[in-house]
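Dear colleague,

I am passing on the structure we talked about, together with some notes on what turned up in it. Please look through it with the notes alongside.

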2 protein chains.
Amino acid sequence: MWGIELQRKTGVTLSRQIYQILRDQMTEGRLQPDEVLPSTREMAQQLSVSRNTVYEAYEMLSAEGYIISRPGSQTRVAKGLCLGKPASVTGESDKPVQPAQNYLADFQTGRPDLRQFPMHLWLQLMHKAAEALPVNQWSYTGPAGLPVLREEIAAWLFRSRGLAIQPQDIFITAGATQALNLVADLLYSKSREIIVEDPCHSGMLHVLQSKGFGIRPVPVDNQGIQTGFLEGKGVCAIYVTPSHQFPLGGILPAGRRADLIRFAREYGLYLIEDDYDSEFRYNGSPVAPLRSMDAQRVIYIGTFSKILFPALRIGYVILPHHLHSRWRHLRTYTDVQNPPFEQAALAEFLLTRKLDRHVQKMRRLYGNRRQRLLQELERTFGNTWRVWGDASGLHLALEFPGRRFDREFALYCEKSGIRLTPGDFHSLRKGFHLDKLLLGYGHLDEEEISRGILLLYNAFSCFKPNHP
Amino acid sequence: MWGIELQRKTGVTLSRQIYQILRDQMTEGRLQPDEVLPSTREMAQQLSVSRNTVYEAYEMLSAEGYIISRPGSQTRVAKGLCLGKPASVTGESDKPVQPAQNYLADFQTGRPDLRQFPMHLWLQLMHKAAEALPVNQWSYTGPAGLPVLREEIAAWLFRSRGLAIQPQDIFITAGATQALNLVADLLYSKSREIIVEDPCHSGMLHVLQSKGFGIRPVPVDNQGIQTGFLEGKGVCAIYVTPSHQFPLGGILPAGRRADLIRFAREYGLYLIEDDYDSEFRYNGSPVAPLRSMDAQRVIYIGTFSKILFPALRIGYVILPHHLHSRWRHLRTYTDVQNPPFEQAALAEFLLTRKLDRHVQKMRRLYGNRRQRLLQELERTFGNTWRVWGDASGLHLALEFPGRRFDREFALYCEKSGIRLTPGDFHSLRKGFHLDKLLLGYGHLDEEEISRGILLLYNAFSCFKPNHP
C-alpha cells in the first residue's frame with residue numbers, strides 16, 4: 001500500500017520509515033503536488049501499525065513543510081517538492097588509498113620508535129590530569145593553550161637549550177604542520193615570497209605552496225643554508241632548520257646564524273625556525289636556537305611528535321609579542337584550540353621530568369642505532385660513502401660519490417621491499433643531490449638495521465638502470 | 001672574570017651558562033673577532049669550576065662555529081658574529097586578553113550544560129579505548145579519522161535522522177569550525193563568492209571572510225533562508241543551517257529545501273549544510289538533513305561540541321565522493337589529523353548507545369528549561385514579545401515589537417552583569433533585526449533562568465537611551 005514496506009529490526013522507528021518513504025515519493029514526483037494523503041486512521045490500518053505511529057510521521061512531514069494539513073480539510077502534498085534525478089557531478093575522481101605496504105627494510109625518515117614509549121604510564125597520566133581538569137576546561141578555553149602547559153614548555157626549553165622564554169610567548173598548536181600553516185597565514189598579508197632551504201622537507205614546502213607563497217630556494221651545503229646566496233627584496237620570511245638541516249643534516253654555524261639575523265633585520269623579514277628533532281643530538285647538548293639571538297625577528301616552531309609520538313598532535317610556536325593578537329584571532333577561526341586532555345597530560349609529563357628521562361633514554365638508544373648503522377655501512381659498503389651533516393636526529397644523509405639515485409632506483413627498491421628516500425626527493429632544483437640517500441633509523445632496532453643494510457647492498461648490486 | 005657570573009641553582013648546567021654568556025658577548029660585540037680566549041685550564045681556575053665544564057662549553061661554541069680552535073693554536077673568536085642591538089619591530093600591539101567576567105545573568109548562546117555531562121564515565125571510556133589502541137595508531141593514521149569512529153557516526157546518523165551514509169564519506173575534523181575552514185579551502189579554486197543566510201553565525205561568517213570569500217547575504221524569515229532571493233551567478237556555494245537557522249531558529253520547509261537543491265544543480269554549486277544542534281528538537285525527531293536529498297551537491301557539517309562538550313574538538317564532514325581525494329590532501333597539509341584518544345572514546349560512547357541516552361536526557365532537560373524560560377517571559381513581560389523559529393536548540397530568538405536593542409542597550413546590559421546577544425549582532429545588513437534578542441538557556445538551570453529574566457526586566461525598565 002502506497003509503496004510503503006516497513007522493516008521491523010533496523011533501529012529506525014516505524015514512524016521515521018513512513019516519513020522517509022513518503023518524503024522520497026514526493027521529491028521523486030511519485031506523489032504529486034496537491035495529492036490527497038489517506039487519513040492517519042486509514043494509513044495505520046493498511047500498514048498494520050498504531051495510529052500514533054502514522055500521526056508522528058505526518059507530524060514530521062507537516063513540520064518540515066512536505067504536507068499541508070488544515071483543520072477540517074484533507075491532508076495534501078505541498079507544492080514545489082519534485083527534484084527529479086540528480087545529474088552527476090564531474091570532478092577529479094577519488095584515487096584509491098594505498099594500502100600500507102609491509103617493507104622488508106623500512107628506512108622512512110622522521111619516525112620515532114613507538115615501541116619504546118611508556119604508553120601505559122602516559123595513559124595513566126592523561127587520566128589523572130583529565131580528572132583534575134575543572135569543569136570549565138571542558139568548554140572553550142582559548143586559542144593559546146593550557147597555561148600550565150605553556151609554563152612547562154618554557155621551563156623545558158630553559159632546561160634543555162638554555163632558551164629563556166616567557167610562557168605567554170608560547171602558543172600551543174596541533175603539531176608543527178599546523179604551526180607552519182598558521183604562521184604562513186600570519187605573514188601572508190606582508191608579501192607572497194618566502195625563502196626556503198634547498199633541499200627542504202617536501203611536506204612543509206607543500207604547506208607554504210598551498211598558501212600561495214612564491215618559493216625562493218637557497219642552496220644548502222654540509223653545514224646548512226648558504227647565506228651568501230640570500231636575496232631579500234620582496235621576501236617576507238626565511239624558513240630554516242638551523243639546529244639540524246632537513247634533510248642534509250648540517251648544524252648551521254654561528255657566522256651564518258648571525259648572517260641570517262642581520263639579513264632579517266636589514267630587510268624587515270621574519271626567520272621561521274623549525275626545530276623538529278634537535279633533542280636527539282649525539283655529540284653534545286642541543287644547539288641554542290636562533291630565537292635566542294633575536295626575539296622580534298624569529299618565529300620558533302617546536303613539536304613533540306618526534307620526542308613523544310606523532311598522534312599526540314601537540315606542537316607550539318614562540319611568537320614575537322607584536323604577533324600575539326593576530327595569532328589568537330587566526331587560531332580561533334581555524335580550529336579554535338587543541339583538546340585539553342593531551343595538553344594536561346603533557347604538562348604533567350614535563351613537570352615530573354618524565355620527558356627529560358624519556359629523551360635521555362631515547363637519545364642513548366638512537367645514538368646506538370646510528371652507530372650500528374654506520375658500522376654496517378662500513379662493513380658492507382667499505383669506504384664508498386660519507387655522512388653529511390651532524391650526528392643528530394632520526395635519519396642519516398649519505399653521499400655515495402659517483403652513484404645516481406633517481407626515481408628508477410627508488411622504484412626498484414620499493415619493489416624489492418625497501419623504503420628509502422633519494423637525496424634529490426626533497427630538492428627544489430633537481431639534480432644536485434642525486435648521489436645521496438636518506439635513511440631513517442630511529443624506529444628500527446639494531447637487528448632490523450643490519451638486515452636492512454644487507455638488503456640495500458643487494459639492491460645496489462642487482463639494480464640495472466634502463467638508461468644508464 | 002670575563003663578565004661570567006655563574007648561578008648554581010637554576011637547573012641550567014654550568015657549561016651551558018658559560019657557553020651562553022660567551023656567546024652573548026660575541027654577538028653583542030664585547031668579544032671581538034679574532035680575540036683570543038683563555039685556555040680551558042685558565043678559565044676553569046678563574047671560575048672555580050672543573051676543567052671539563054669549560055671544555056664542554058668550548059666544545060659547544062666550537063661545534064656551532066662561534067670559536068675557532070686548531071691543534072697547536074690558541075682559541076679565537078670567529079668572524080662576523082656581531083649583531084648589535086635589534087631595532088624594534090613595529091606592528092599591531094597585543095591587546096590584553098579580557099578576563100572572564102562573572103555575569104549575574106549569562107544568556108550566552110550555544111553553550112551546553114557541562115555540569116550534566118558524565119565526565120567520569122567519559123574519562124574511563126577514553127582510558128579503556130586508548131589502552132586498546134594498537135601501537136601503530138600512536139603514529140600517523142591518516143587524515144580521514146579512525147575507521148571505527150566513522151562507522152559509528154554513520155550508524156548514529158541513521159538511528160537519529162534516518163540518514164543513510166557510507167562511513168567512507170565521513171571525514172573526522174577538529175570541530176565544525178575546522179570543517180568549514182577546510183571546506184572553504186576545498187571550494188576556493190572554483191570561485192570567490194558564497195551565499196550565506198542573513199543573519200548568519202558571525203564566527204562562521206568570519207571563517208569564510210578570512211579565506212577571502214566575497215559574501216552575498218540572502219535574508220532569513222521565521223522559516224529560514226528566503227530562497228526567492230537567491231542569485232546564483234558566479235557563486236560556488238551556499239552556506240545554510242536548514243535544521244535550525246542560526247540565530248533566528250527557523251526549520252527550513254520542504255519547498256525551500258527543494259528550491260535549494262534545484263538551484264544548486266542549476267548553477268553547479270555546493271550546499272554547505274551546517275547541522276550544529278538539531279539533536280535538541282523538542283516537538284519531534286531531528287529533521288532530515290538536506291544531504292538526504294542530494295549526495296553530490298550537499299556538504300554536510302556535524303559537530304559533537306553541543307551534544308557532548310566543546311573541548312572534545314571533534315566534528316565531521318560528509319563529502320561527495322569526487323571531493324574525497326582533495327580533502328585528504330588538504331587536511332594532511334593543514335594539521336595532519338585529530339589525536340586518536342578522543343576519537344576512540346567517542347566511538348565507544350556511540351557503540352554502547354551512551355550517546356543516545358545522553359542526548360535523550362539532555363533533550364528532556366533543555367526542553368524543560370525552554371519551557372521555564374517561556375513561562376518566566378510571559379509572567380514578567382506579558383504578551384509584549386513573540387518567539388521566532390522552531391522549538392529546538394540551546395537558545396531562543398525573541399522579538400519585542402517596537403523595541404530597539406542596539407549596541408548601547410547591549411553595553412548597558414553588560415554593565416548590569418547581563419550577557420545577551422542583540423538580534424542584529426549576527427546581521428550582515430544591519431537594522432532588520434533590532435527588535436530581537438537572542439537568549440541562550442542550555443547551560444542555565446531553572447533557578448538561573450528565573451533570576452536572569454528578572455534582571456533582564458530590570459534592565460528593560462531602567463535603560464534610558466542617550467539618543468532615543
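Between domain 2 of chain A and domain 3 of chain A the count is 2 salt bridges. Please keep in mind throughout that this is a predicted model. A salt bridge joins the side chains of Arg429(A) and Asp198(A), with a distance of 3.3 Å from N to O. Polar contacts across the interface of domain 2 of chain A and domain 3 of chain A come to 17 residue pairs, both residues being at pLDDT 80 or more.

Of the area that domain 2 of chain A buries against domain 3 of chain A, 23% is supplied by Arg363(A), His426(A) and Leu428(A), which is more than any other three residues supply.

Turning to the two chains, 104 residues of chain A are in contact with 104 residues of chain B, and chain A and chain B bury about 8400 Å² between them, of which 58% is on carbon and sulfur atoms. The count of salt bridges between chain A and chain B is 0, whereas the count of residue pairs in polar contact between chain A and chain B is 29, both residues being at pLDDT 80 or more. Helix α4 (residues 119-131) of chain A gives the largest share of the side of chain A that touches chain B, namely 9 residues, and by class that side has 45 nonpolar, 34 polar and 25 charged residues.

Over all chains the count comes to 52 salt bridges. In one of them the side chains of Asp34(A) and Lys79(A) meet at 3.6 Å, N to O. This pair links distant parts of the chain, 45 residues apart, with Asp34(A) in the loop between α1 (14-27) and α2 (40-47) of chain A and Lys79(A) in the loop between β2 (76-77) and β3 (105-106) of chain A.

The search of the whole structure also finds 52 aromatic pairs over all chains. The ring centres of Phe409(B) and Phe460(B) lie 5.7 Å apart with the planes at 90°, so this pair is edge-to-face. Because Phe409(B) lies in helix α12 (residues 407-415) of chain B and Phe460(B) in helix α13 (residues 446-462) of chain B, the pair ties together parts that are 51 residues apart in sequence.

Some backbone details remain. Most residues other than glycine have a negative phi, and most peptide bonds are trans. The peptide bond from Asp198(A) to Pro199(A) is cis, with omega near 5°, and Pro199(A) is placed in the loop between β5 (193-198) and α7 (202-210) of chain A. In chain B, a cis peptide bond joins Phe246(B) and Pro247(B), with omega about 5°. Arg313(A), in the loop between β10 (298-303) and β11 (315-318) of chain A, has a positive phi, near 55°.

With best wishes

Key: Residues are numbered from 1 along each chain as its sequence is written. Chains are lettered from A and ligands numbered from 1 in the order in which they are written. This is a predicted model: local features need pLDDT of at least 70, side-chain atom pairs count only at pLDDT 80 or more; totals for chains, interfaces and linings use all residues. Side-chain values use heavy atoms; hydrogens and water are left out. Buried area is the accessible area (1.4 Å probe) that two parts lose on being put together, summed over both. A salt bridge is a side-chain nitrogen of Lys or Arg within 4 Å of a carboxyl oxygen of Asp or Glu. A polar contact is a pair of N or O atoms within 3.5 Å; within protein, one must be able to donate a hydrogen and the other to accept it, and residues adjacent in sequence count only if both atoms are side-chain atoms. Rings of Phe, Tyr and Trp (its six-membered ring) pair if their centres lie within 6.5 Å; planes under 30 degrees apart count as stacked, over 60 as edge-to-face and the rest as tilted. Helices (H or I, at least four residues) and strands (E, at least two) are DSSP runs, numbered from the N terminus. Contact means heavy atoms within 4.5 Å. Ala, Val, Leu, Ile, Met, Phe, Trp, Tyr, Cys and Pro count as nonpolar, Asp, Glu, Lys and Arg as charged, and the others, Gly among them, as polar.
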